[in-house]
Amino acid sequence: MRLISRIIFICISCLAAVSQAQNKAIRSRQIGTEGQIIAKVFSNYDKDTRPPVRENADHSSIVVITSIYINSVKWETNSAEVDLYLREQWMDSRLKYDVDVREQIQEVMVPGNRKIWKPDTYFSNGKELAVEGKQSAVIEPSGYVRSSEGRTVIVPIEYQSKFPFLNALSFTLRLSSYNYALEDVAYLWANSPPNAVALEVSGQLLNSEYSFQEAVAGDCVGNYSVGVYSCIDVVVSFETSCAKTLLSVFLPTILLVIASFLHFWIHGSWSVPRSFSAGFPFLILASLFVFAPNSTFFVSPGVRVWTIFCLIITFFSFLEYFLVICCGIRRTVKYTNGIATQEQNALTSAQETVELAYNTKCANFRDNNGLDIISRVLFPLVFIVFIIVYLVLYLI
């Protein structure tokens, strides 16, 4: 039995060695054949001339079938840096070649030192960054070209109207030809799954902080002063947790607004805590508008509406503080010698005061200022009503 096992093992090893040698010989022959094909098709090839239109075609444009594979996305406040592969397919009959079926050659890789005609595609709504060495192209016997090219593009971000309660954001990738008008090049999205789809994403974008949700591909026509160009675009949507934005935007502003109400309950003679409560929240919100107009507070219309209201209500709270000072607490100061009296407006008690009289229209409540009493009810009520209306508008 051991002898039989050894014989079987030796036979299998010999067959594997023979098969491997045959595969190497076939591959070597294929490489040689591919080199001959490349030399032949590029002998009289002009990469600067657009390919001829197919026979019996009802239009003059070269149809470019396009798809995009997104590898990664780097998010900023108002933009996204997208690392992607642009995949394009088109017919170039000048690259057509004949090959024996026994060679088992389905396609030929274009060497790096050979250049083929390309539709000169660019992202019209973004800023492209230079990328080196990330491109390849193959040619089928029919002359059909499949090209893949790495691109890095910076595009603006669009936030949905329900942000941040529904923390969804998207960006648009818009493609067009830089040099070829619509009568020369026409773009179409690949729409034959599973082999070719308009847009694919890497696995990390399905489970990252910003997870991919959907992509909606469409067409657009670019009208420029020099002509009409074919244009296609795709809107790529992502979602993330809303907790981060709620904690960084809504919670701080709510606390600032509440802090601006505290001076309504502080006695007028306590000028320092009243000044801090009235002025500090308003100055912080006002500084956001002046020094940080592109911060997270202004990334969507909903957040801008919220922040502007918080700025307005803290301003009126600050204004109420000054009205209390202007109206003041009129008091009568009598000198102890009884010779002279003097009336003055102040919030602090004088050293020689023997009698306080709250006799002005702004301070007609006993031991309290009338504006503060009204504000204690009015300001929180207005804020609560606004929150209810805001939630109804942006959540329903």
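Keep in mind that the model is predicted, so local features need pLDDT of at least 70 and side-chain atom pairs count only at pLDDT 80 or more, while totals for chains, interfaces and linings use all residues. Residues are numbered from 1 along each chain as its sequence is written, and side-chain values use heavy atoms, with hydrogens and water left out.

Let's start with the charges. Side chains of opposite charge can pair when their charged atoms come close. Here a salt bridge means a side-chain nitrogen of Lys or Arg within 4 Å of a carboxyl oxygen of Asp or Glu, and the structure holds 10 of them. One joins aspartate 48 to lysine 47, with 3.2 Å from N to O. For burial, the cut-offs are under 20% relative accessible area for buried, over 50% for exposed, and partly exposed in between (1.4 Å probe, protein chains only). Aspartate 48, at 56%, is exposed, and lysine 47, at 40%, is partly exposed.

Another bridge runs between glutamate 107 and arginine 146, whose closest N and O atoms are 2.5 Å apart. This pair links distant parts of the chain, 39 residues apart: glutamate 107 sits in the loop between strand E2 (79-91) and strand E3 (108-109), and arginine 146 in strand E7 (residues 144-156). Those labels are DSSP runs numbered from the N terminus, with helices (H or I) of at least four residues and strands (E) of at least two. Both partners are partly exposed, glutamate 107 at 32% and arginine 146 at 28%. Glu140 comes in too: together with Glu107 and Arg146 it belongs to a network of salt bridges.

Strand E7 turns up again in the bridge from glutamate 128 to arginine 151, where N and O are 3.0 Å apart. Glutamate 128 is in strand E5 (residues 127-129), and the partners are 23 residues apart.

The charged end of lysine 134 sits over the ring of tyrosine 85, 5.2 Å from its centre; the rule asks for NZ of Lys or CZ of Arg within 6 Å of the ring centre and within 35 degrees of the ring normal.

Now for rings with rings. A pair of aromatic rings is described by the distance of the centres and the angle of the planes. Rings of Phe, Tyr and Trp (its six-membered ring) pair if their centres lie within 6.5 Å; planes under 30 degrees apart are stacked, over 60 edge-to-face, and the rest tilted. By that rule there are 29 aromatic pairs. Take tryptophan 306 and phenylalanine 383: the centres are 6.1 Å apart and the planes stand at 50°, so the pair is tilted. Tryptophan 306 lies in helix H4 (residues 301-327) and phenylalanine 383 in helix H5 (residues 370-395), so the pair ties together parts that are 77 residues apart in sequence.

Phenylalanine 315 and phenylalanine 316 form an edge-to-face pair, 5.8 Å centre to centre with 70° between the planes. Phenylalanine 316 is in helix H4. Phenylalanine 315 is partly exposed at 38%, as is phenylalanine 316 at 43%.

Next, the record. In an unreviewed entry, UniProt lists residues 246-266, 278-299, 305-329 and 373-395 under "transmembrane region"; positions use the numbering here, feature names are shortened, and annotations may be inferred rather than shown by experiment. In the model, residues 246-266 are 76% helix and 0% strand, with end C-alpha atoms 30 Å apart. Leucine 246 is found in helix H2 (residues 243-261) and is partly exposed at 27%. Its C-alpha atom is 9.7 Å from that of asparagine 167, 79 residues away along the chain.

Finally, look at serine 230 in strand E13 (residues 227-239). Serine 230 is buried at 8%, and its C-alpha atom is 6.1 Å from that of tyrosine 187, 43 residues apart along the chain.
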